[in-house]
Amino acid sequence: MSEYIVKVLEAKFITHDVKRFVVEKPLGYDFIPGQATDISINLPDWKDKLRPFTFTSLRESKSLEFIIKLYRDHDGVTKMLGTVNSGDELILHDVFGTLKYEKPGVFLAAGTGITPFISIFRELYRHNQIKDNRLIYVNKTSDDIIMGSELYKMLKRNFINVLTRENTIGYVGKRIDRNFLIDNINDFGQHFYVCGPDNFVKDMTNYLLDLGAEADTLIFEK
């Protein structure tokens, strides 16, 4: 397995528990939007503790960006990442992942499941190819929404925010279930991109298949 030690150029919180990291990009290091890499912290007790995180930067950017949710309830890698700041070092590994853009369609994301889609949307927006795509994004509360302003700027009316524990003007205050998909999707013959917790991915793919979507049009990390 390849290892690339990179310096953190920027590290800041963008929500109460999500931190954005900008790091150096190794020479020749490349990825397809939607893909990920294993990351560890370049400290003696942490360099062998690898966790997968998705690239959120543009492919052609001179640096790499990761948007990472921190779990402070146990002493794990993400809690430690909360202490990492500019000037510190991370270790990147090989690129992997099967989730990538194929054709226009509907993106279904829950929580940090939005991260692989951010890079995809940024690429599509940069090349004026985003208009026929829609995003349905589920969070518990409005405080949990990641990069909401930028997503709205790119997708406009094709951005549907769903909050499961909060009723706020401008947001859909309900859970996504089979009836929600029927009410909000007119064509089940298009492509669907799904990312989020395992149960969310399982439920969404089962609903979509039941509603007529073809298995080869459902794209998620396998």
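This is a predicted model: local features need pLDDT of at least 70, side-chain atom pairs count only at pLDDT 80 or more; totals for chains, interfaces and linings use all residues.
Local features need pLDDT of at least 70 and side-chain atom pairs count only at pLDDT 80 or more, while totals for chains, interfaces and linings use all residues. Residues are numbered from 1 along each chain as its sequence is written, and side-chain values use heavy atoms, with hydrogens and water left out.

View 1. Helices (H or I, at least four residues) and strands (E, at least two) are DSSP runs, numbered from the N terminus. At 1.5 Å a residue, the 12 residues of α2 should span 16 Å, and the end C-alpha atoms are 17 Å apart, which agrees. The expected span is 1.5 Å times one less than the number of residues. N128 follows α2 and has a positive phi, near 55°.

View 2. Of the 12 residues of α2, 10 are buried (under 20% relative accessible area, 1.4 Å probe, protein chains only). Among them are F117, I118, I120 and L124. The cover over the buried residues includes β4 (51-54), β5 (63-69), β7 (105-110), β8 (134-139), α3 and β10 (191-195), where contact means heavy atoms within 4.5 Å.

**View 3. The packing of α2 on α3.** Helix α2 (residues 115-126) packs on helix α3 (residues 148-155) at an angle of about 40°, with the axes 10 Å apart. Axes are lines fitted to C-alpha atoms, for helices over the stretch in contact, and angles run from 0 to 180 degrees between N-to-C directions. F121, R122 and Y125 of α2 meet E150, L151, K153, M154 and L155 of α3.

Terms used: Buried means under 20% relative accessible area, exposed over 50%, partly exposed in between (1.4 Å probe, protein chains only).
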